[in-house]
Amino acid sequence: MLRNDASEMKTPAPNPRISLTMGPLLFNWSTERRCDFYARLADEAPIDTVHVGEVVCSKRLPFYLDSIAETVDRLQRGGKTVVLSTLALITLPRERQYTVDIIHNGEYEVEVNDIAALAHLAKEQAFRVGPYVNVYSGGTFRVLAGLGASSVCLPPELPIDTVEALATLARSLSVGCEVWSFGRVPLAVSGRCYHARVHKLTKDACQFVCSRDSDGLDVDTVDGRGFLAINGVQAMSNTYCNTVGDADRLRIAGVTALRLSPHSCDMIAVSKTFRDLLDGKLDSEEALRRTGEICGEVSFSNGFLFGGSGSEMVRRPQVR
Amino acid sequence: MTGHPRLELVCPAGTPAALRTAIIAGADTIYCGFRDETNARNFPGLNFSRAEMEESIAFAHARETKVFVAINTFPRAGQEQLWRRAIDDAVSFGADALILADLGLLAYTSNRHPQIRRHLSVQAAAANADAIDFYTRNFGIRRVVLPRVLSIEEINAINREINCETEAFVFGSLCVMAEGRCSLSSYATGTSPNLGGVCSPGSHVAYRENGHELDSILGDFTIHRVSRDLPAPYPTICKGYFTTEGLWGHIFEDPAGLDASALIPQLAMAGVTALKIEGRQRSRAYVGAAVRNLRRVIDNYAAGLPVNESALNHLSEGQSTTQGAYRKMWR
């Protein structure tokens, strides 16, 4: 049996530098575009850690599986820490096998996005916990730390006070604590493919229609207001989460990394803006203005952290 | 002609009165929760005080009915005491099992109350044998409530691999998304079903007349629009009416209730131990009728008699039913 208090408390270290993580690409881009994206990241982006691998739909994998090794190599030569992400919802035998293969890769740290992946970890194998695992409280955080989690990307819906409580615990356990900071927020996952449904196709004969939408397909309310987006089996926010204006608050909360999620906008420019802000080269107003310029016709949100609802964009004082 | 297994019928109770009704109607087991955020049906006026829980468990036990207590939300950091107290109290009142979803609470329960039967809530969304294996190995889970994303074939395959019982939803509302992993309602309202136990909370619902139409609104978003002479649907996002690329419709799922009663023989053959009725928020009359009808179907099947497929039609929401993922027509 696991113990609830598996890890001992350690003396907290001073607030470390906040690092930047590029989360796994959630959309169905062509292999060529994927490879170009990661090559540019390797060469140009001030990103510390890059996640590679399929999180949303196992049917997309065969198209780019063979390119992953080269992508990983390229990222490593660019000085990035590479993490292999696993699927958020695992039901089929091939999905279980794919997960086992990743967990047993023997070289790279893996990100667990479905509890099922935990079943395959070798004894004392370090792993990261992705934003699809329900980590809402210290008890759960301790269980995962006790199993060997080196870092946890918190569920995007957590409010800032919960983030702070968990980040404080994370620090005492010497575990990283990451927050969803840029991009459409994954809100739900289903066994059913919504892209296929919208195009009147079945999941098995989906014709990969999700590849038509580089950033997901907008879903509006009947009165024409942007609300959600669909990405295969995933439902996402229509807004792009953007915490670039809130980095000071996240630093105070003890967050160790910010996660940027790849979109078709210039992610190199987005990551440079976040890095410059974190390094004090930009103020938050200017950083927010720049991300707005980079993203164009996009609405931002930070409401899960600070607002009454996840969809809101709250402008707030930076430091308590 | 006999020899079929008699599946356990697990029935919802939102109130002590519903619990008594369900027991009289033929429930083998009742599941219910405390009147707070610790359970995933935290609606106003619903659920059990401590005294009601203690009395209700005694009432059920006197009639050879089991009671499972659902403590199946995720505790808020720093407030875990509320959830731990719920666990301690349910155990002390003699609950037959606890239905849990959170890793921390599973660890707490298996350390503090190793003797109590632990069931894995559907809110943990354990959708494959590996996940279930993880929970059985680490927390001694005795039964898993299966997510509603699985087909009969998948359930069959899972049951061949795992070391615990499975419980499958057979009737009631249908969660479209993987349960316990959905922030849609939270995105629109700021209230997380995972933390607070309410999806699409009534406090954030409004109905607004709009010319000849009526809008159902959740938070700031219009989730449905119907003609004013029609009943306005409740604004549950995954069953909402939206538009994308010129297409209007139920983008995620049609608003149909689950009725898998006709699949009871297949579920039994797939190795399922227990069948669950969703609906702790439903009226006594609804619960009583659903339990009576399903009791008859289960008993008929156990006795080798034909299963009456339309026994529950009149109870389903919107009069429209689906067999959900059990038969994946969309695959």
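User: How many helices and strands does the secondary structure of chain A come to?
Analyst: Keep in mind that we're looking at a predicted model here. Its scores are ipTM 0.93 and pTM 0.93. For chain A, the secondary structure comes to 11 helices and 12 strands.

User: What radius of gyration does chain A have, and what would a compact globule with 320 residues have?
Analyst: The C-alpha atoms of chain A fill a box of roughly 55 × 45 × 40 Å along the principal axes. A compact globule with 320 residues would come out near 20 Å, so the chain A value agrees with that. That value for chain A is 19 Å.

User: What percentage of the residues of chain A count as buried?
Analyst: Start with the contacts in chain A between residues at least 6 apart in sequence: 69% of them join residues at least 24 apart. Burial is a separate count, and a residue makes it with 20 or more other C-beta atoms within 10 Å. Of the 320 residues in chain A, the buried part is 57%.

User: Is I47(A) buried or exposed?
Analyst: I47(A) sits in the loop between α1 (31-44) and β2 (49-52) of chain A. Leaving out neighbours within four places in sequence, I47(A) is in contact with L20(A), M22(A), L41(A), K80(A) and S271(A). Because 24 other C-beta atoms lie within 10 Å and the cut-off is 20 or more, I47(A) is buried.

User: How far apart in space are I47(A) and F37(A), C-alpha to C-alpha?
Analyst: Along the sequence, I47(A) and F37(A) are 10 residues apart. In space, going C-alpha to C-alpha, the separation of I47(A) and F37(A) is 13 Å.

User: E124(A) has a positive phi although it is not a glycine; is E124(A) buried or exposed?
Analyst: The phi of E124(A) is about 65 degrees. You'll find E124(A) in the loop between β4 (109-112) and β5 (127-129) of chain A. With 7 other C-beta atoms within 10 Å, and 12 or fewer being the cut-off, E124(A) is exposed.

User: And A125(B), with its positive phi: how does A125(B) count, buried or exposed?
Analyst: A125(B) is a residue other than glycine with phi near 50 degrees, and it lies in the loop between β5 and α5 of chain B. There are 27 C-beta neighbours inside 10 Å, so A125(B) counts as buried.

User: Which element supplies the largest share of the side of chain A that touches chain B?
Analyst: The contact takes 58 residues from chain A and 57 residues from chain B. Elements of chain A that each supply at least two residues to that side include α6 (160-172), β7 (176-189) and β10 (234-242). The chain A residues there divide into 25 nonpolar, 20 polar and 13 charged. The largest share, six residues, comes from α5(A).

User: Which element gives the most to the largest nonpolar core?
Analyst: This core has 205 residues, and V152(A), I30(B), I71(B) and L275(B) have the most contacts inside it. V152(A), for one, touches residues including V129(A), F141(A), L144(A) and C177(A). The core also draws at least three residues from each of domain 1 and domain 2 of chain B. The element giving the most, with eight residues, is β7(A).

User: What distance separates the centres of domain 1 and domain 2 of chain B?
Analyst: Chain B, which averages a pLDDT of 91, is divided into domain 1 (8-174 + 256-326) and domain 2 (184-249). Nine residues of domain 1 are in contact with six residues of domain 2. The domain 1 residues on that side divide into three nonpolar, three polar and three charged. Taken over C-alpha atoms, the distance between the two centres is 27 Å.

Methods: Residues are numbered from 1 along each chain as its sequence is written. Chains are lettered from A and ligands numbered from 1 in the order in which they are written. This is a predicted model: local features need pLDDT of at least 70, side-chain atom pairs count only at pLDDT 80 or more; totals for chains, interfaces and linings use all residues. Two residues are in contact if their C-beta atoms, placed from the backbone, lie within 7 Å. Helices (H or I, at least four residues) and strands (E, at least two) are DSSP runs, numbered from the N terminus. Ala, Val, Leu, Ile, Met, Phe, Trp, Tyr, Cys and Pro count as nonpolar, Asp, Glu, Lys and Arg as charged, and the others, Gly among them, as polar. A nonpolar core is a set of buried Ala, Val, Leu, Ile, Met, Phe, Trp, Tyr and Cys residues joined through C-beta atoms within 7 Å. Domain bounds come from an automatic or database domain assignment. pLDDT is the predictor's confidence in each residue, from 0 to 100. The radius of gyration is taken over C-alpha atoms; the globule rule is 2.2 Å times the number of residues to the power 0.38.
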